[in-house]
Amino acid sequence: MKVIIAEKPDQGKTLASIFQTKKREGYIEILPNEMFPKGAYMTWAVGHLFELAPPETYEASWKRWTLDTLPIIPDRFQYEIDRKKAKQFAIIKQLLRKPEVIEIIHAGDAGREGELIIRNIIYMSGVKKPIKRLWISSLTPKAIEQGFRQLLDEKQTRPLYEEAYARTCADWLVGINASRVYTILLKQKGMNDVFSVGRVQTPTLALIVRREKEIEQFRSEPFWEVVATFDVDGKRYEGKWWHENETRTYDRELAEKVSAFCRRKQVEVAEVVCERKTFLPPLLFNLSTLQAAANKRFKYSPQKTLDILQKLYQKGYVSYPRSDSQYVTKGEAETFPHILKQLSQKEEYAPYFPLVHESILHNKRYVNEKKVTDHYAIIPTEQVPNLTKLSQDERNIYDLVVRRLIAAHSEEAIFDYTTIVTVVDGRARFISKGKKQIQAGWRDVLMSQDDDVQLLPNVQSGEKGTVYDVYVKEGKTQPPKRYTEGELITLMKTAGKFLDDEQLEKVLAKTEGLGTEATRASITTTLKQRNYIEIKNNQVYVTDKGKVLIDAIGSHLLASPEMTAKWEQRLSEIGEEKASATAFMEQVKKLAAKIVADAVQVANHWSFEGLDTTSIQQKKKTTIGKHVGVCKLCGGSVIDKGSFYGCVNYAKTKCSFTISKTILGKSISQANVKKLLAEGKTSVIKGFKKGENTFNAAVIWDEKEKRISFSFEK
């Protein structure tokens, strides 16, 4: 008999569904069949059953968070069971030790984490029996059967385990040492919080903080544009005054003079340039591009998209979700006509059929075996669902995947882009830009919307006319926009550039990208949980805590996208047997020690000038009911009431005086509340947020209006 170990219960049940079975506690018994003549046991993990042991397991003194215990570097890493999952491990171990079991089939997800989860279970069970590897990219009955008939030798995927194990240990080393040293040193500066530092999360946070600083330092400037409407033989169109290759001027008086000069003047079309552009259909989805599309379209967080996609995968409707490829092999491309035929019978997709291209088998834009690594692009499987039985979220994500595949079989989109240069009275030059859709092609399938660009009339160079109307339009320069969660995923994927040779050795690797397809979704979740960022209206805001950490780390490699990008590449090389895991870990140990030494060295120079650290500064705990001042309305006692300060006379006289502990996103310290009640004004507090804008101000008591207000910093 054989024991098959899946990564999750649902996957185990799906893998067993093509056989006759009997349900048992913690496993499924597969009855004897043509593929398994003596039957088999299908069991499963529940994600990671084991985790790396905490520092105190290696040495008792490592439990204390002190500088003299750092760096923490175990000689040999140990795993320990997650107590909540111990029962399932006991079931698996019992099955593996049955004397009739002669072989183990590793059926974890076809990726490095799946490799690690199942191998850890096998190794920790102490059982040494032959191992085969099930490697499939979809959970359709056809794919499952084909996978069981074409099992891999475990040696073929063992390097992925080495890669995953190295990643786990390296992240532990950096995380433990960096988190402890920065938490300890920041506590010495009065910051009463735990500062988690990680190889991927910290460079990502640094990118967010950098954008936040760009926004805070941005100073908006007014500008003016001169906009004219021209009439050329009855054909009207708009243009903007074009001077020194700019349509804006920061001189209002000049704009007004140009506008006055142009009124009712004669014009001549000086130049007409028309360029036709053809746009090919977009590539198929990998996880990052799908997460970005779902965030833009439905405002789904990256993690939500992955969770929905995982459900669709487990139901057999889409291929493996954590793919980093946007290409397929010829084998997958050969299945597309059958899949598309089924989709054509769905009311939602019928209007796009018949397709312009019945097959893309020979289209290298999509079919490229060299660009398919462990998995091909995310595509719908031949198991097309009844769409009405999907949840709305599942339907939305499935629809995105389906439309990408249909679009790949559609025509190109074609546009004519036109630029007209019009000269007023032989002197003032105006530019007009527009576009015209010649062929919608794939844009119809993906429901792409036209940009708000004017359609220009058919005018010829040398034609003459008049200025029909002209006016001055005022605008303001805008700060950089905050990232959305979807843009953050794209940013993480493209972050990192090549360093010089010396830096290359220091940071361990040689390519681009923050994290992997499998890990990027969890990074924003982690940053939110650790109170480094907040998500408001799908925009990413950094907290004071996030700013403090990145300010403390400064230009250290810990905050460098390049370091973690190149680290990820070195891990990939371990998985491809091109690099040594042992050599990699030796370098990581040196890096962990260097992180501690560097932090201690620079801590004396930390000032956090310009940052409001009141919300994370060490202070005595406020006791509910504690007196903080005198009521501005009735003279009663103002006390701490938990989330706000209020007058004790509310119960007797309904006195409505209150002060919230948080105003426009900023925590108001007890010291400032006391100052407000005693002096009528707090110190200047930086970083109040109202919509897109931030401002600095003191909170004051407006005696005339009898309410809390602001006194703005000059």
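Which residue in the turn of the hairpin formed by S10 and S11 has a positive phi? The legend to Figure 2 gives the answer.

**Figure 1. Overview of the predicted model.** This is a predicted model, in which local features need pLDDT of at least 70 and side-chain atom pairs count only at pLDDT 80 or more, while totals for chains, interfaces and linings use all residues. Residues are numbered from 1 along each chain as its sequence is written, and side-chain values use heavy atoms, with hydrogens and water left out. The protein has 22 helices and 26 strands; helices (H or I, at least four residues) and strands (E, at least two) are DSSP runs, numbered from the N terminus. Along the principal axes, the C-alpha atoms fill a box of roughly 95 × 75 × 60 Å. Of the 714 residues, 51% count as buried; buried means under 20% relative accessible area, exposed over 50%, and partly exposed in between (1.4 Å probe, protein chains only).

**Figure 2. The hairpin of strands S10 and S11.** The two strands form a hairpin with 2 residues between them, and Asp233 in the turn has a positive phi of about 55 degrees. Strand S10 (residues 222-232) runs antiparallel to strand S11 (residues 235-241), to which 6 bridges join it; two strands pair if DSSP finds at least two bridges between them. Asp231 has Arg236 in S11 as its bridge partner. Because 10 of its 11 residues are buried, S10 is largely enclosed by the rest of the structure.

**Figure 3. The closed barrel of six strands.** In the order S10-S11-S14-S13-S12-S15, 6 strands close into a barrel with antiparallel pairing. Neighbouring strands of this sheet are turned by 35 degrees against each other on average, direction ignored; the axes are lines fitted to C-alpha atoms, for helices over the stretch in contact, and angles run from 0 to 180 degrees between N-to-C directions. S10 and strand S15 (residues 464-476) pair in the antiparallel sense over 10 bridges, and the partner of Phe223 in S15 is Gly475. Strand S12 (residues 266-279) pairs with strand S13 (residues 413-424) over 12 bridges, also in the antiparallel sense. Val269 stands opposite Thr422 in S13. In a regular strand, side chains alternate between the two faces of the sheet.

**Figure 4. Two separate nonpolar cores.** A nonpolar core is a set of buried Ala, Val, Leu, Ile, Met, Phe, Trp, Tyr and Cys residues joined through side-chain atoms within 4.5 Å. The largest has 85 residues, of which Tyr182, Leu186, Leu205, Trp567 and Phe584 touch the most other members. Helix H6 (residues 158-188) gives the most to this core, with 15 residues. A second, separate core of 69 residues includes Ala16, Ile136, Leu306 and Leu405.

Figure 5. On a 1 Å grid over the protein atoms alone, a cavity is a set of points where a 1.4 Å probe fits but cannot get out, and a pocket is an open set with protein on both sides within 12 Å along at least five of seven lines; lining residues have an atom within 4 Å of a point. Grid points are joined across faces, edges and corners, and a volume is the space filled by probe spheres set on the points. The count comes to 1 cavity of 30 Å³ or more, and the largest cavity has a volume of about 70 Å³. Its lining includes Gln11, Asp109, Trp135, Ile136 and Tyr313. By class, this lining has 8 nonpolar, 2 polar and 1 charged residues; Ala, Val, Leu, Ile, Met, Phe, Trp, Tyr, Cys and Pro count as nonpolar, Asp, Glu, Lys and Arg as charged, and the others, Gly among them, as polar.

**Figure 6. The second largest pocket.** About 890 Å³ of space lies in this pocket. Of its 30 lining residues, the closest to its centre are Ile215, Glu216, Gln217, Arg219 and Thr694. H7 gives the most to the lining, with 6 residues. The lining has 7 nonpolar, 9 polar and 14 charged residues.

Figure 7. The peptide bond from Leu70 to Pro71 is cis, with omega near 0 degrees, and Pro71 is in the loop between helix H2 (55-58) and strand S6 (79-81). A cis peptide bond also joins Phe353 and Pro354. Lys299 has a positive phi near 65 degrees and is exposed, with a relative accessible area of 51%. Asp425, in the loop between S13 and strand S14 (428-439), has a positive phi of about 50 degrees and is partly exposed at 38% relative accessibility.
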